[in-house]
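Please look over this structure. A short report follows, taken one topic at a time.

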Amino acid sequence: MLDINVKRLQGVFRIHTSFVTHGTGITALFGRSGAGKTSVINMVAGLVRPDEGRIVVNGRTYFDSEKGLNVPPEKRRFGYIFQDGRIFPHLSVKSNLTYGMKLVPRSERFVAFDQVVELLGIRHLLNRQPSKLSGGEKQRVAIGRALLTSPHLMLMDEPLASLDNDRKSEVLPFIATLPKEFSVPILYVSHSVDEIVNLADYLVIVDSGRAIAAGQVKELMDRFDLWSSAWCGPLPDRGIAPRPVASPPRSSCFSSPVTK
Amino acid sequence: MEILELSSLEKEALRLSLWVSGWAVAGSLPAGVFFSWLLARKKFPGKLLLDGLVHLPLVLPPVVMGYILLVLLGRKGALGAWLYDVLGITFAFNWKGAAVASGIMAFPLLVRAVRLSIEGVDQGLEAAARTLGASPIRVFFTITLPLIMPGILTGIILAFARSLSEFGATITFVSNIPGETRTLPLALYTLTQVPGGEEGAFRLCVISVILAMIALICSEVLSRRLAARMKG
């Protein structure tokens, strides 16, 4: 279960994102670039401190401004996969993979090294230096590195954004299997409708720093008004109140069809 | 091959120069890395002042620096008297003083090289290490430090070369004592002051040029190799 409520003023941009999702599946944060998705995920990771709010994951509180609680990122054990991979360039693939794992007590590890290496198909890369890896390989190493910390939550910030379509189809299936394989909830940031439809169980639509809708992907599928507002044009503050949808808007910027 | 053999005077000056410079760099390295990191990463009141202080030896006449050290660290100096009374350490007129003078004169070069490399480190990598469970100190030693190694090595070699050539602050602060503070440049200076010293002075001059060239070439080769290996 994710119970996120964060407020932060960044320059003139005000973020006030609040949503609750249940279960251990994949929750997608969806919105245009610049909607504040990355800021929200950085706050969940503990890399950016919210001005106010609460961050609760599976019943454990990681941030609570009222109680003055702020667990530092290294104590949260959230596996974070960044848009740009961020593989340590001075370490071999193997050392990258085990960097976080070594810091987790053996008794608390529930993700085995061999299992991850097999699942991600990176055994042949273990002794390489990161400079010799392709973009898709780097991203798989990044996923493995985060998974091996046996995380309580996986955070993924457009993990496929830097990849071309071939590489995407290489990495996407891995991500889809993660919650089932390791029963770790995932918070997934994306602005691609396709990725969300293919991956996510829950959906949070973010616009101008606010969560304008949250729920199961199935329920929100037909809400073309929300989807389109996350795609183009500024949005008046109308919350998540339903709005009559007579005919889905066929605006030019709404390019990806919402079909399964 | 007699010409290649060093006289005992030359050997002594060379040995002392290497010794003093080695200690100068070793002693100033931790502080150099710390101040580089402070200046590269932190915002605090008085940062401009600190930046200026660190760079002062670069623009100040070395004699002035030597005189300041004499006043501060001399046996009767503000800091020197305390150091002597409490810890029994004195920097006046010995090789340790020469090392202090060299270290301070070379400090700006060290800080500039290290600071540049710290500014070049992708802070995203450090953030990634935090999310993987590493405390800020562990992040510094396992991520930041290895990534700035090329800068540190460049800084070390530049500072070492600068220490070898230190003259003004040294002669003002710790004088020109054979076997104690008479490093290569001071020995060379001494020879130019006596009749018939030209040949000896020329030999020391050649030794100094060779040393400096070795240092610069080492620095270049090392930093190229490291940079190639670090390329992500």
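## Chain B: fold

How many helices and how many strands does chain B have? Chain B has 11 helices and zero strands. Along the sequence, its pattern reads α-α-α-α-α-α-α-α-α-α-α. Keep in mind that this is a predicted model.

The C-alpha atoms of chain B fill a box of roughly 70 × 50 × 30 Å along the principal axes. Of the 232 residues in chain B, 44% are buried. Take the contacts in chain B between residues at least 6 apart in sequence: 70% of them join residues at least 24 apart.

## Chain A: confidence

Chain A has a mean pLDDT of 82. In this chain, 85% of residues reach 70 or more. Among the elements of chain A, helix 3 (residues 93-101) has the highest mean pLDDT, 95. Helix 9 (residues 224-231) of chain A has the lowest, 61.

One stretch calls for caution. Over residues 233-260 of chain A, pLDDT stays under 50. The model still has 41 contacts beyond four places in sequence for this stretch. Where pLDDT is low, the predicted coordinates should not be read in detail.

## The interface of chain A and chain B

The size of an interface is often given as the accessible area lost when the parts come together. Here, chain A and chain B bury about 1800 Å² between them. Carbon and sulfur atoms account for 67% of that area. Three residues stand out: Glu74(A), His90(A) and Tyr99(A) supply 33% of the area that chain A buries against chain B, more than any other three residues. In contact terms, 20 residues of chain A meet 22 residues of chain B.

The count of salt bridges between the two chains is one. The side chains of Arg130(B) and Glu74(A) form a salt bridge, at 2.7 Å from N to O. On the side of chain A that touches chain B, helix 2 (73-76), strand 7 (78-81), helix 3 and helix 5 (135-147) of chain A each supply at least two residues. Helix 5 of chain A gives the largest share, three residues.

## Cysteines

A disulfide is a covalent bond between the sulfur atoms of two cysteines.

Cys205(B) counts as partly exposed because its relative accessibility is 36%. Cys218(B) is also partly exposed, at 39% relative accessible area.

Conventions. Residues are numbered from 1 along each chain as its sequence is written. Chains are lettered from A and ligands numbered from 1 in the order in which they are written. This is a predicted model: local features need pLDDT of at least 70, side-chain atom pairs count only at pLDDT 80 or more; totals for chains, interfaces and linings use all residues. Side-chain values use heavy atoms; hydrogens and water are left out. Buried means under 20% relative accessible area, exposed over 50%, partly exposed in between (1.4 Å probe, protein chains only). pLDDT is the predictor's confidence in each residue, from 0 to 100. Helices (H or I, at least four residues) and strands (E, at least two) are DSSP runs, numbered from the N terminus. Contact means heavy atoms within 4.5 Å. Buried area is the accessible area (1.4 Å probe) that two parts lose on being put together, summed over both. A salt bridge is a side-chain nitrogen of Lys or Arg within 4 Å of a carboxyl oxygen of Asp or Glu.
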